[in-house]
Amino acid sequence: MISVNDVYTLLSSYSDVEDATEEQLLPCCQDGLNWVLKRLRETADEDDPLITETAAAIAHFYFFVRRLTEMDKYESYKVGDMTISQNPQKQYLTEKELRHQAIANAAPILKDGGFYFRGN
């Protein structure tokens, strides 16, 4: 069975979370793993590496959202004649797309959420 530590190990290998502490990442890893396990098909292998990969991607999204409160992270910095800034809205859309892609890749192990059609 995949554990939170498995998810943590994978998530901590991401280059953009190298400065994060274990205390910051573990709750996100737990939330990511819970998200996957809640939606796991009964026929899925509990040791499938796709569980870890998907949980780490979901945890990465959760960690990104938690870091949005760090306003100083998104300031502009001027170094010489160059200005460096970050766009949180663009980064959020990128993170959302990565999360959606991870969920799509995990379709073989996740329950089908059903179909909903709404007409005008």
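Author: Aspartate 31 is partly exposed, with a relative accessible area of 30%; on this scale buried means under 20% relative accessible area, exposed means over 50%, and partly exposed lies in between, for a 1.4 Å probe and protein chains only. The model is predicted, so local features need pLDDT of at least 70 and side-chain atom pairs count only at pLDDT 80 or more, while totals for chains, interfaces and linings use all residues. Residues are numbered from 1 along each chain as its sequence is written, and side-chain values use heavy atoms, with hydrogens and water left out.

The side chain of aspartate 31 meets that of arginine 66 in a salt bridge of 2.8 Å, N to O; the term requires a side-chain nitrogen of Lys or Arg within 4 Å of a carboxyl oxygen of Asp or Glu. This pair links distant parts of the chain, with aspartate 31 in helix α2 and arginine 66 in helix α3, 35 residues apart. Helices are DSSP runs (H or I, at least four residues), as strands are (E, at least two), numbered from the N terminus. Arginine 66 is partly exposed, at 40% relative accessibility.

The structure holds two salt bridges. The side chains of glutamate 42 and lysine 111 also meet in a salt bridge, at 3.6 Å, N to O. Here too distant parts of the chain are linked: glutamate 42 lies in the loop between α2 and α3, and lysine 111 in the segment after α4, 69 residues apart. Glutamate 42 counts as exposed at 68% relative accessibility, whereas lysine 111 is partly exposed at 43%.

In α1, Val4, Val7, Tyr8 and Leu11 are buried. These residues cover an arc of only 100 degrees around the axis, which puts them on the same side of α1. They pack against α2 and α3.

The largest nonpolar core has 25 residues, of which Val7, Leu25, Cys29, Leu33, Ile51 and Ile109 touch the most other members. Such a core is a set of buried Ala, Val, Leu, Ile, Met, Phe, Trp, Tyr and Cys residues joined through side-chain atoms within 4.5 Å. α1, α2 and α3 are the elements that give two or more residues to this core, and α3 gives the most, with seven. Not counting residues up to four places away in sequence, isoleucine 51 touches Ile2, Leu33, Val36, Leu40, Asp45, Glu46 and Ile109.

Technical notes
Contact = heavy atoms within 4.5 Å. Arc of directions from axis to C-beta.
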